[in-house]
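Trainee: Please take me through this model, one question at a time.
Mentor: Good. Look at it here, then we start.

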Amino acid sequence: MSRWRDLVLLVLVLEALPASAQSRFGFGRAPTQGEIAAWDIDVRPDGHGVRAGRGTVTHGQEIYDTRCATCHGTFGESNAYMVIAGGVRAEDLKSGRAAGLRSPDVMRTLGNKLNYATTLWDYINRAMPWTEPQSLSVDEVYAVTAYVLYLNEIVPAGFELTNENLLTLKMPNRDGLTRQHGMGSVAAKPDVQGSSCMHDCGPEPKITSQMPAFALNDHGNLRAQFRPIGPLATIDSAQRETRPVQGATHAGGDGSAREILARHACMSCHGFDRALIGPAFKDIALRYRERGDAANYLMEKIRKGGAGAWGPVPMPGQTTIKEDEVITVVQWIISGPRDGQ
Amino acid sequence: MGRLPLVRGRIVAAPENHLTTVQIDAARSARRAVLAGAAALMAAPVARAQAPADPEPVPPWTRGLGAPVATNGYGGPSPFEANVQRRQSPGLTRTGQSSVSFTPLQSLFGIVTPSGVHFERHHSGMPEVDPAQHKLLVHGLVERARMFSMNDLMRFPSVSRFHFIECGANSGMEWSNVAVPTVQYTHGMLACSEFTGVLLSTLLGEVGIDKQRAKYILAEGADGSALTRTIPLEFALDDVLVVYGQNGEMLRPENGYPLRLLVPGVQGISNVKWLRRIEVGDQPWNTREESLHYIDLMPDGTHRQYTWIQEVKSVITAPSGGQVLLDRGYYEITGLAWSGRGRIARVDVCTDGGRNWKAARLQQPVLTKCLTRFRADWRWDGAPALLQSRAVDERGSVQPTLAQLRAVRGTRSIHHNNGIKTWRVGADGEVSNVQVA
């Protein structure tokens, strides 16, 4: 009888075993060498994944000026995106700590934050240029990395970055990152704990900051952002607004020129009335709309990009924008664009 | 229920069936036309200027035939719910492709975030991934690297679990002064779903990890940013999921269709979307998203790195910023609590800015690393009030005040702001975003 019971128990235990404890499922297949080579692109500070190659600051500048400066600025000052140069002091290279980060007045940049150059190489290689990731060759990635390091005064103008000196190069903030905190494991203790006091806790609260009245409508009319039924009403913040409404946005694919411009990130370089990295749409309209071939000219410019018409910073060709979208945008430009239309 | 004395310009409730939404809009635009050019700073009462419409005891939808079944094959909210939208915070980012949209927490019930309003964070835009071509490579310090198709992955034993995802930068705009008006923008990089997929431990068992050397994994996305994050093996073998299902359907494209990583309790960035590769390694990768971004600046100029865990936190979603209490009397104070370290043990609420607290009711079930809905009863006496909630998790961690956080971390760390949130109720019933000390 006890043998029968043991047998029943054994069957129950086997049934209850988690799948991972059983033999393999045998799903999936071995990857090909080509698949691994194409996907396994990560580079670690210890040299894991580093590719053989080299590139000079000079070559890097040529690539940067044509492929990167559009977004990051000629000197890495980056009007639109994270500042990639500056904030580094000569003594930081010796100390291994970007001392400026102690001060709230010093801008946080790639140069004074990053601890290893390998990470810069890895990121340019996997994700840049933003609109055409993984389009640079290995040597081009070395060259652009070298130029960004040069912009931060970490390497001299005559420098050549190679797969060997990439690993020994010392970044200004190499010792500025710490893992001494409680957020690395569930078992560790949080660094800040609240109080469990229930009654007569602390002094009378004082309001130290409140929503400025002039900013109440900056996210659009709040009444349009809450369900109109329920136990509580909503403030009609548009009634408090004394300035032109900007409005919070939510996604919409209505095919309008504005929507197409937003979807293709055109507005990161072109303003309506104001030149940003590229010319203002209003100025483009003024210059070209009397031209007989304005539509064809502008469509070609959007598709192929170019430089020199407005300044030295080139516009990359827009390859993902569809034919009918180009037409909509060009008609909108020629008709004289205004903000909000 | 005592009605407040009428104050000029104060919002008052309209009588039942007083005006339809369409009529309210018409009244509002009519008033705008009248007030155009005037310094119309006062809050005009809703619809009070209009004559009451005749009440219609039998509404039109009772006196006719409705639409047939399958009018909309995948359904959608009522057109009257159009205000409930993911929204961007103007000026926060320069492009929509590297940006964030916020969950409308003020309009949601319970703990589940409808998939259509789950907050978004893209780094190189939202790709359209063909599931028939999508694959997951698992390799590195393993006995046999494997390439899995979606068919392969969906054939493994599956699990469904409720978990929250919170961006590490949620409430980041609150580290300094008050700058945004509603809970959508203060706490809306937060969502909670039922996720379905295969345990990562199952896949790692399938490929056979090198138990002597393996310490971390790298997860990589298939989008243009090929986003990468390091995850400790301790997490990977515990409760990390490789997810394809969300709230009963496939993942939405915004949330990683067809495959994402789900690292319960860990900051949003680690829950890599459009997951295409997992590499097993012996040390962390120091990727861009863990050495240049998603690091937390301390007052001494150091940055904390690999701050994975989202600490215990809560927020009142009603009454919250932008709302108005129309009458004195009963209100339900309700909100959400969560912890990256486990279950919520209790939530206290107060109406006096932190002086006197009482325990809130927790909606069951209370799940680990999951949103918990809390509720408390309140009778508003018409006096100004400061509403707060304070969560405690099962490991005994107590949600700190913003002042306690700042005393240790300063105001520049961007991420991991789990401070107690304060909403001020004015004598006029308006609820606004404030900070107290």
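Mentor: First a rule: two strands pair if DSSP finds at least two bridges between them. Helices (H or I, at least four residues) and strands (E, at least two) are DSSP runs, numbered from the N terminus. This is a predicted model, where local features need pLDDT of at least 70, side-chain atom pairs count only at pLDDT 80 or more, and totals for chains, interfaces and linings use all residues. Residues are numbered from 1 along each chain as its sequence is written, while chains are lettered from A and ligands numbered from 1 in the order in which they are written.

Trainee: Which residue stands opposite S209(A) in β24(B)?
Mentor: Strand β4 of chain A covers residues 207-210. Three bridges join β4 of chain A to β24(B), and the two run antiparallel. Opposite S209(A) stands Q435(B).

Trainee: How many residues does each chain put into the contact?
Mentor: Two residues are in contact if their C-beta atoms, placed from the backbone, lie within 7 Å. On the side of chain B, strand β24 (residues 431-436) gives the most, with five residues. The contact takes 88 residues from chain A and 107 residues from chain B.

Trainee: How does the side of chain B that touches chain A divide into nonpolar, polar and charged residues?
Mentor: Ala, Val, Leu, Ile, Met, Phe, Trp, Tyr, Cys and Pro count as nonpolar, Asp, Glu, Lys and Arg as charged, and the others, Gly among them, as polar. On that basis this side of chain B has 41 nonpolar, 43 polar and 23 charged residues.

Trainee: Why is one side of β3 of chain A left without a neighbour in the sheet?
Mentor: The open sheet has three strands in the order β3(A)-β14(B)-β13(B), with mixed pairing. β3 (177-178) of chain A and β13 (296-297) of chain B stand at the edges, so one side of each lacks a neighbour, because each has a single partner strand.

Trainee: Which residue stands opposite T178(A) in β14(B)?
Mentor: Strand β14 of chain B covers residues 303-304. It pairs with β3(A) in the parallel sense, over two bridges. T178(A) faces R304(B).

Trainee: What share of the 437 residues of chain B counts as buried?
Mentor: A residue is buried if 20 or more other C-beta atoms lie within 10 Å of its own, exposed if 12 or fewer, and partly exposed in between; C-beta atoms are placed from the backbone. Chain B has six helices and 24 strands. Its buried share is 53%.

Trainee: And what share of the 341 residues in chain A is buried?
Mentor: Chain A has 12 helices and five strands. Its buried residues make up 35%.

Trainee: How many residues of strand β6 of chain B are buried?
Mentor: Eight bridges join β6(B) to strand β5 (residues 159-166) of chain B, running antiparallel. Five bridges join β6(B) to strand β9 (residues 241-246) of chain B, also antiparallel. β6 (residues 190-199) is mostly covered, and its buried residues number nine of 10.

Trainee: What do the buried residues of α6(B) pack against?
Mentor: In helix α6 (residues 402-409) of chain B, L402(B), L405(B) and R409(B) are buried. They lie on the same side of α6(B), because they cover an arc of only 65° around the axis (taken from the directions from the helix axis to the C-beta atoms). Just after α6(B), G410(B) takes a positive phi of about 75°. The buried residues of the helix pack against β24 of chain B.

Trainee: Is P104(B) buried or exposed?
Mentor: P104(B) sits in the loop between β1 (99-101) and β2 (120-122) of chain B. Its contacts beyond four places in sequence include V84(B), V117(B) and G188(B). With 25 C-beta neighbours inside 10 Å, P104(B) is buried.

Trainee: How many contacts beyond near neighbours in sequence has the stretch over residues 245-252 of chain A?
Mentor: pLDDT is the predictor's confidence in each residue, from 0 to 100. Chain A averages 85, and 87% of the residues score at least 70. Over residues 245-252 of chain A the pLDDT is below 50, and the contacts of this stretch beyond near neighbours in sequence number 16.
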